[in-house]
Structures are given as structure tokens and as C-alpha cells.
Amino acid sequence: MPPTRAHAELKLQPLPHAGRSLAEQVISEVRRAVHTGAMVPGRLYSVYQVAEQLNVSRSPVREAMLRLAEAGLVQVERNRGFRVVLPHPREIVEIFGVRLALELPAVRRAAGSDSAPLRATMAEMAAAVGAGDEILFFQLDQALHDHILAAAGNGRARAMVGGLRDTMRILGTSTDDRSRTLRQVHEEHEPIVAAVAAGDAEAAARAMRAHLTNTGLILARQAARAQGEPVDVDALWAAIVDEPQGRR
């Protein structure tokens, strides 16, 4: 519907219309707009506004909004528009708790499987680091985890982790506040791949736990700062995610 005075002002970049689907491009542009301040969480926007500024029809915008709503990243108001909703730090901690529950058994099962796809992806990630291509780097990061989940043979766990990662995309990468460089993220994956290649299931699980824990804590702290939430993220993580001693 056409924008009204109730809708916030908005300025977006037209989409290139090449490569990825239009809905995927809309999702990426919403993510970019949130981080640049072009879209402000809590303000009301219309599908018509977004479609007009991105130079696309309203159909891919509606598809993108439905996908973002399913992930809990936007709130759709019938016949009015939508609002961006940033996840609370607790939601992020819960997401990483689920990822740990799914990806640690997966990487144990993947240990000893063909590591060639992992090594090839790591090489592409290193090239992305050298080029400073953050978007490509994190696409490859997701592909690496997906290879591990595929090797474990549990398609439902693979789909669930993919959905959880989609939920996190609107927060951007863990390097937004320079807490961690792309090179450091790449280095965190190295012991995971080495352990899988060596067939060492427990070493692979330890390395995966360290990587996911570090990532989850960084993102939860960023969310707390962005929202001005007085949240003790470490205590929240200990209460929701950490296992009692002796149960690991």
C-alpha cells in the first residue's frame, strides 16, 4: 500500500537484480539498512515503500517480510506495514544453545568423513579474508558448517541450523564492532577442520564448542549494547547453555 504519514521515512539502495533471488536481496538490504540506520527498529514501514525504493515489485518484498517474520526479525502489522525487531540477548543465547546441542553431535559424527569439501571451503574463506569480502566470507562460513551437518547425515538438524542462522543474519557479523576480525574467525575454524580430517571426534567437538561459544557471546553482548539492555550475558549463558561440570 502507498506510504502514509504513519510510516517512517526510508531511503534504500536499488537492488542489482542479479545472482541471488530478489527475496534474498531484499533480506540483505533490510539487514544493511538496519546497520546503517536507514531502517530503525520499532518504526513502521510499508511494503510499498520498500518495493518502490528497491525498484522491485511488491511480491519479493512480501516474501522477504514473511521469511523475516518467521525468523522473528520483523513484526508484520496487517494492512499497515512492518517493524524491524532486534532479537533480545536472551534469544541469541538460546539460539546458540540449540546450535551447540545440534552441531556438537554432528561434528563428532562427521569426524573421519571426507574433509576435502571442508578444506576447499577453508581455502575460499582465506581468499575472502585477503579480499576483505565480508559478505562472501560469511556465506562460506555458513557453507562450512552446512558441509559438517551434511556429513553427519541428519537432514532435520541441518535444516534447523540453517533456519537458526537465518534468524541471526539481521544482526550482521561478529566483526561489526571489531570484536573479532575475519582472519580470527577463519582461525577458529581451523582446528575443527583439522580434527574432522584426523578423525578425532572429541577434538572436533571441543573446537566447535569453543567457536560457537565465542560467536554466541560476542553477538549477545553486541545486542545488549545496541539495545541498552542491562543484561549480564555471561550469567545468562551459564544459566541457559553451560552444562554442569562432569556432564560434558
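Helix H9 (residues 201–227) and helix H10 (residues 233–240) have axes that come within 10 Å and cross at roughly 130°, which makes H9 oblique to H10. Here axes are lines fitted to C-alpha atoms, for helices over the stretch in contact, with angles running from 0 to 180 degrees between N-to-C directions; angles under 35 degrees count as roughly parallel, over 145 as roughly antiparallel, 65 to 115 as roughly perpendicular and the rest as oblique. Helices (H or I, at least four residues) and strands (E, at least two) are DSSP runs numbered from the N terminus. The model is a predicted one, in which local features need pLDDT of at least 70 and side-chain atom pairs count only at pLDDT 80 or more, while totals for chains, interfaces and linings use all residues. Residues are numbered from 1 along each chain as its sequence is written, and side-chain values use heavy atoms, with hydrogens and water left out.

In contact, that is with heavy atoms within 4.5 Å, Leu212, Thr213, Gly216, Leu217, Ala220, Arg221 and Ala224 of H9 meet Val233, Asp234 and Trp237 of H10.

H9 also packs against helix H8 (residues 182–198), with axes that come within 7 Å and cross at roughly 160°, and the two are therefore roughly antiparallel to each other. On the H8 side the contact is made by Val185, Glu188, His189, Pro191, Ile192, Ala195 and Val196, and on the H9 side by Ala203, Ala204, Ala207, Met208, His211, Asn214 and Thr215. The crossing of H8 and H9 is left-handed.

Helix H5 (residues 116–131) and helix H6 (residues 134–152) have axes that come within 9 Å and cross at roughly 165°, which makes H5 roughly antiparallel to H6. Their crossing is left-handed, and the residues in contact include Pro117, Leu118 and Met122 of H5 with Leu136, Phe137 and Leu140 of H6.

The table gives the contacts by residue class (Ala, Val, Leu, Ile, Met, Phe, Trp, Tyr, Cys and Pro count as nonpolar, Asp, Glu, Lys and Arg as charged, and the others, Gly among them, as polar).

| Contact | Residues by class |
|---|---|
| H9 with H10 | 6 nonpolar, 2 polar, 2 charged |
| H8 with H9 | 9 nonpolar, 4 polar, 1 charged |
| H5 with H6 | 11 nonpolar, 2 polar, 2 charged |

Elsewhere, helix H3 (58–70), strand E2 (74–77) and strand E3 (81–84) each supply at least two residues of the lining of the second largest pocket, and H3 gives the most, with 4 residues. That lining divides into 6 nonpolar, 3 polar and 5 charged residues.

Key. A crossing is left-handed if the near helix is turned anticlockwise from the far one by less than a right angle, and right-handed if clockwise.
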